[in-house]
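I opened the notebook with a simple plan: pick one residue, look around it, then step back to the whole chain. Here is what I looked up.

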Amino acid sequence: FVDAIVAHATALAPSSCAMLAGGQAWKAMAYWICTFSVNQWDVALEVGSGDYRQSSFYLALRSPGCSGTVMIMDSQVGPLTRFWCLF
């Protein structure tokens with residue numbers, strides 16, 4: 001997981017920023033990780049009291065600072081069987 005995130009951040013870090021930061025610009029990139037940010041045991045509470053637009057998931061993906069998403073796949077592409085992963 002961590003290797004995949006580092007590879008993604010390294011690929012997206014602008015080369016000019018990478019040079020200025022001594023090749024470490026990828027360390028300044030932020031990632032919101034749903035598994036760690038959403039209480040998986042109380043999803044009803046997490047989905048914004050019935051309004052999905054108030055959920056932390058929606059707000060994170062729609063925030064001005066969000067410039068993309070990353071999905072870590074397993075050999076059976078399990079995440080694609082979950083509708084919220086297709087957001």
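I began with S55, which is buried at a relative accessible area of 7%; buried means under 20% relative accessible area, with a 1.4 Å probe and protein chains only. This is a predicted model, where local features need pLDDT of at least 70 and side-chain atom pairs pLDDT 80 or more, while totals for chains, interfaces and linings use all residues. Residues are numbered from 1 along each chain as its sequence is written, and side-chain values use heavy atoms, without hydrogens and water.

Next I checked where S55 sits: in the loop between helix 4 (43-46) and helix 5 (56-62). Helices here are DSSP runs of H or I with at least four residues, strands are E runs of at least two, and both are numbered from the N terminus. I also found the S55 side chain reaching the backbone nitrogen of Y58 at 3.1 Å.

Then I stepped back. I noted 5 helices and 0 strands in the protein, and 15% of its 87 residues count as buried.

Last, I looked at the largest pocket, which holds about 1100 Å³ of space. A pocket is an open set of points on a 1 Å grid where a 1.4 Å probe fits, with protein on both sides within 12 Å along at least five of seven lines, and lining residues have an atom within 4 Å of a point. I listed W32, I33, C34, T69 and V70 as lying nearest its centre, out of 30 lining residues. Helix 1 (2-12), helix 3 (34-37) and helix 5 each supply at least two residues of that lining.

Key: Buried means under 20% relative accessible area, exposed over 50%, partly exposed in between (1.4 Å probe, protein chains only). A polar contact is a pair of N or O atoms within 3.5 Å; within protein, one must be able to donate a hydrogen and the other to accept it, and residues adjacent in sequence count only if both atoms are side-chain atoms. Grid points are joined across faces, edges and corners, and a volume is the space filled by probe spheres set on the points.
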